[in-house]
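Have the sequence and the model side by side. We will start at the surface around the RNA and work towards the inside.

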Amino acid sequence: MEPIAAEHALLPDDALRALADALRESAQALYPSASAEVSFEAPRRPEFGEVATNVAFSLVRAARRSPQDVAAALVADVCERAPRVTQLFSSIEAVAGFINLRLSPSIWQGTVARIVREGEAFARAAHRGVRISIEFGSANPTGPLLVVQGRALSIGDALVRTMRLRGYDVFVEWIINDAGGQLETLGRSIDARYRQLSDPAVPFPDDGYPGEYLVEIARRLHDSHPELATMGDSERVASLARFARDELVAEQQRCVARFGVEYDLWQSERELHETGKIEAGIARLKELGLTYESEGALFFRATEFGDDKDRVLVRADGRPTYFSSDVAYHYEKLQRADRVIDILGPDHHGYIGRLSGLAAALGYPGHLDVLIAQQVTLVRGTEQVAMSKRAGNIVTLDEIVSEVGRDATRFFFAMLATDSPLTFDVQLAVEQSNENPVYYVQYGHARICSVLRRAHAGDVEAAKVTDLSPLKHAAELALARRLAELPATAQGVVDALAPHRLARYARDVATDFHQFYTECRILEGDVAVRHARLALCLAAKQVLSTVLGLLGVAAPESM
RNA sequence: GCGGUCGUAGCUCAAUUGGAUAGAGCAACAGGCUACGAACUUGUAGGUUGGGGGUUCGAGUCCCUCCGACCGCGCCA
């Protein structure tokens, strides 16, 4: 085989794809009756190689031989059949039925060169014309955003950024629940606060929203809108409700922006009513013959789609339910996107079946994914922080961000699997902030920047085009292998809707860099090694910066 | 009662969609800078994956059944 120039270096994926083809050919030749399924995975233990495939297990039944025999036969055959492919590997071994592989160092070196050359475009996938609509964070416009929303925001935004990197068209939405009884309750609450300004004896409604924030908003509205004083009761309550809604939404938008999350659309539920979309959604279900009337109300046959009871769309008195908003909103989203994702709060477990059933009913089975961002329990040391809107002792997202910092908060919330309940110890996050994994990763980035600052500018420039064959040390190759995982890791995040893998990967990259840094002197030694190691630094810096960017966390030059 | 999400080291959590001897961080203990940033690193210890069955070459992962936690179960939103 001809030596490969750096610009045309094969990536690990290229080598594995070639090997997969070769293995399929061998399997076809050896066991014509079976169909070989070749997939690769990273073994848990390093002695099992860098990559492994369990293809032999899928052939056992047809071959009627042990997995180990099949694997050994496959290896022997593929080495003979496709020497040009197996030459890309430094070892191919059949062990206990698995085929364990090590790629030639030149493959890993080529990846490093490619990262340096492509910069932030590394791991970016071509535009693929797939539209994804995603909604997360949405809250009632009746108060400030709480800690739970921070988790949904961290997870959702990381997912969005990763999907965009991987070539998807993503449209990010927030639904404002500004219709129905909740807004009336908000109106009565704010009105009580408003009247209390002149008469402290005015009673506060039992079911009102007790938070202090309504007192402040009432005071501001009193000063900025003197016309309120001259209105009749019902007109004033309605006006106050509207003003308060606007103020609270603006406050939520400010909080979200501070958290580093951008939305394409803040969809008002009231607007869905006003523009006739609710009726359109209901009409669609009627058209499909999926509704019936009972006791004066209009029902959707939800049980036919896996829900545990049929759902009311329009009440006996003619008013549409909240579920009809769900119908209308999801119908619209399903029409304009190829895939729809909802990230909902922990009190929405019942929705998972209801909404996916709805998608199926509307003619889009499997197009909707519902993720539940599990509960967040706040703890200060051993003391649990009570959180109750009704009691008014809420902990807002803003408070947490102010106390812990945006980077640490985002990293921490994105670090855990979405469906795993999480305990957030504020005291630990603040007092032992140095132990927080986010600083470990950021430190890795800052450390690289420090090395690059100390290096001669000429050396750094030379590193960008240098020959990387001096990278042979175990720690160097381990880091290079890790960096090469970024595209697959990012794609896995999208496929499995599992953004927490980004945080884990970021930490793994930092670990491998720190090890490399500990074992290999970068700025000393001969020119060829120095340049190659600086190139590895540049690549590691790029990957850390990309991953932190996906998480919405800063990649500091120094700290 | 019905339905949903979970249960993994002392603590907080992983486990690449069913793969090999279940891994990290923190806490604990013992080491490593005359050093490009020690916010780092090397090692030790820590487990019947809540219990019990089943499915198969192979189960933390899938099925059944108990136990436990949380959340839903309204013509509220």
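A residue counts as near a strand if its C-beta atom, placed from the backbone, lies within 6 Å of it. Helices are DSSP runs of at least four residues, numbered from the N terminus. Keep in mind that this is a predicted model.

Now look at the RNA. Which element gives the largest share of the surface near RNA strand B? Helix 17 does, with 9 residues. Around RNA strand B there are 72 residues, and G180, G350, A417, S450 and A496 come nearest. Several elements give two or more residues to this surface, including helix 2 (55-63), strand 4 (98-103), helix 7 (181-196) and strand 15 (422-425). Helix 17 (437-454), helix 20 (486-495) and helix 21 (500-519) are also among them. By type, the residues of the surface divide into 35 nonpolar, 24 polar and 13 charged.

Stay with helix 20 and helix 21. Two packed helices are described by the angle between their axes and the distance between the axes. Here the axes come within 9 Å and cross at roughly 160°. Angles over 145 degrees count as roughly antiparallel, so helix 20 is roughly antiparallel to helix 21. Helix 20 makes the contact with T489, G492 and V493, and helix 21 with R501, L502 and Y505. These residues divide into 3 nonpolar, 2 polar and 1 charged.

Next, go inside. In soluble globular proteins, nonpolar side chains tend to be buried together. The largest nonpolar core of this model has 137 residues. Those with the most contacts inside it are V112, L483, A506, A540 and L551. Helix 22 (residues 527-551) gives the largest share of this core, 13 residues. Find A506. Leaving out residues up to four places away in sequence, A506 touches V441, L544, V547, L548 and L551. Another core lies apart from the largest one. That other core has 16 residues, among them Y194, Y209, L221 and L240.

For contrast, find R336 in helix 12 (residues 322-336). Is R336 buried or exposed? R336 is exposed, because its C-beta atom has 10 others within 10 Å, and 12 or fewer counts as exposed. From R336 to A463 is 127 residues in sequence and 47 Å in space, C-alpha to C-alpha.

Finally, step back to the whole chain. Chain A has 22 helices and 15 strands. Its C-alpha trace spans about 90 × 60 × 40 Å along its principal axes. Of its 559 residues, 41% are buried.

Definitions and conventions. Residues numbered from 1 in each chain as written. Chains lettered and ligands numbered in written order. Predicted model: local features only at pLDDT ≥ 70, side-chain atom pairs only at ≥ 80, totals over all residues. Buried ≥ 20, exposed ≤ 12 C-beta atoms within 10 Å, placed from the backbone. Nonpolar A, V, L, I, M, F, W, Y, C, P; charged D, E, K, R; others polar. Axes fitted to C-alpha atoms, helices over the stretch in contact; angles between N-to-C directions. Parallel < 35°, antiparallel > 145°, perpendicular 65-115°, else oblique. Contact = placed C-beta atoms within 7 Å. Core = buried A, V, L, I, M, F, W, Y, C linked by C-beta atoms within 7 Å.
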